[in-house]
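User: I'd like to learn how to read the packing and the charged pairs in a protein model. Could you walk me through one?

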Amino acid sequence: MNPKPSLVILTGAGISAESGIKTFRSGDGLWENHRVEDVATPEGFIRNPGMVQRFYNERRRQLSEVSPNAAHYALVELERAWPGSFLLVTQNVDDLHDRAGTHSLLHMHGELKKVRCLSCNVAIPWEKDVLQDSPCPTCNKKGKLRPHIVWFGEVPFGMDEIAYALQNCDYFAAIGTSGHVYPAAGFVQWVGKNCRTYEINLEPSIVNSAFSESIQGIATQTVPTWVKEILSKNKQ
């Protein structure tokens with residue numbers, strides 16, 4: 001066994017659902033009662049930037065009403081105790097992994113608590129509402145801030161780093177993901193042939209058959225149990 005095994009974890013909406021954050025969209029194609037095309041595409045932002053800003057302002061404010069849960073904290077424990085390299089890639093735009101204490105963290109779909117300037121292309125930490133005339137703190141131009149969110153039709157962040165980590169990892173786990181959104185749904189296909197893969201989910205995803213092992217149940221119960229098991233197999 002590799003004395004310093006590498007581990008990559010992918011998390012999706014299912015890990016934050018028990019904290020009170022709704023999953024990205026329901027079966028009717030809506031996200032928080034909005035058409036995804038209106039609030040999660042570059043075209044929607046061009047058509048109605050005010051509505052899109054209000055939508056993300058509300059999502060940002062809601063983060064103050066939720067807290068990390070046992071699954072988030074279990075992954076912090078895993079990172080601290082893991083003997084080799086560790087990377088947590090999340091599809092979630094909330095800040096619950098950050099607040100729980102995960103350090104090696106990549107937000108592939110962006111972050112609610114950041115905005116990006118369309119003029120200078122700088123991503124800026126942002127806690128308050130974004131208004132139509134909010135100036136960029138970097139270049140001072142007004143009306144150029146957009147949510148730092150990867151919308152449909154845009155390339156996720158950190159893909160080179162993610163690809164390298166997946167191709168070289170010994171373990172890969174997907175937690176709380178539906179398997180509907182690519183490229184994340186295809187990550188299990190990017191790992192090496194000797195990589196041990198786990199899907200931890202409320203129910204099997206549409207790519208479940210590609211995993212070595214499948215664990216069903218709510219994240220706050222299954223993730224802490226799995227963390228204890230995989231750490232027992234890979235003690236420092």
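This is a predicted model: local features need pLDDT of at least 70, side-chain atom pairs count only at pLDDT 80 or more; totals for chains, interfaces and linings use all residues.

User: Is Asn234 buried or exposed?

Analyst: Buried means under 20% relative accessible area, exposed over 50%, and partly exposed in between (1.4 Å probe, protein chains only). Asn234 is buried because its relative accessibility is 4%.

User: Which side chain does the side chain of Asn234 make a polar contact with?

Analyst: A polar contact is a pair of N or O atoms within 3.5 Å; within protein, one must be able to donate a hydrogen and the other to accept it, and residues adjacent in sequence count only if both atoms are side-chain atoms. Here the partner is the side chain of Tyr171, at 3.4 Å.

User: How should I read the largest nonpolar core?

Analyst: In soluble globular proteins, nonpolar side chains tend to be buried together. A nonpolar core is a set of buried Ala, Val, Leu, Ile, Met, Phe, Trp, Tyr and Cys residues joined through side-chain atoms within 4.5 Å. The largest one here has 22 residues, and those with the most contacts inside it include Ile9, Leu75 and Trp226. Among the elements that each supply at least two residues are strand S1 (7–11), helix H5 (70–81) and helix H8 (219–233). H8 gives the most, with six residues.

User: What is Trp226 in contact with, leaving aside its neighbours within four places in sequence?

Analyst: Contact means heavy atoms within 4.5 Å. On that basis, the partners of Trp226 include Ile9, Leu75, Leu78, Ala173 and Tyr198. Apart from this core lies another, of 20 residues, Phe172 and Ala184 among them.

User: And how many salt bridges does a search of the whole structure find?

Analyst: A salt bridge is a side-chain nitrogen of Lys or Arg within 4 Å of a carboxyl oxygen of Asp or Glu. The search finds 11. One of them pairs Arg146 with Glu154 at 2.8 Å, N to O. Arg146 counts as buried because its relative accessibility is 5%, while Glu154, at 25%, is partly exposed. Elsewhere, salt bridges with shared partners join Arg35, Glu37, Asp38 and Arg47 into one network.

How values were computed
Residues are numbered from 1 along each chain as its sequence is written. Side-chain values use heavy atoms; hydrogens and water are left out. Helices (H or I, at least four residues) and strands (E, at least two) are DSSP runs, numbered from the N terminus.
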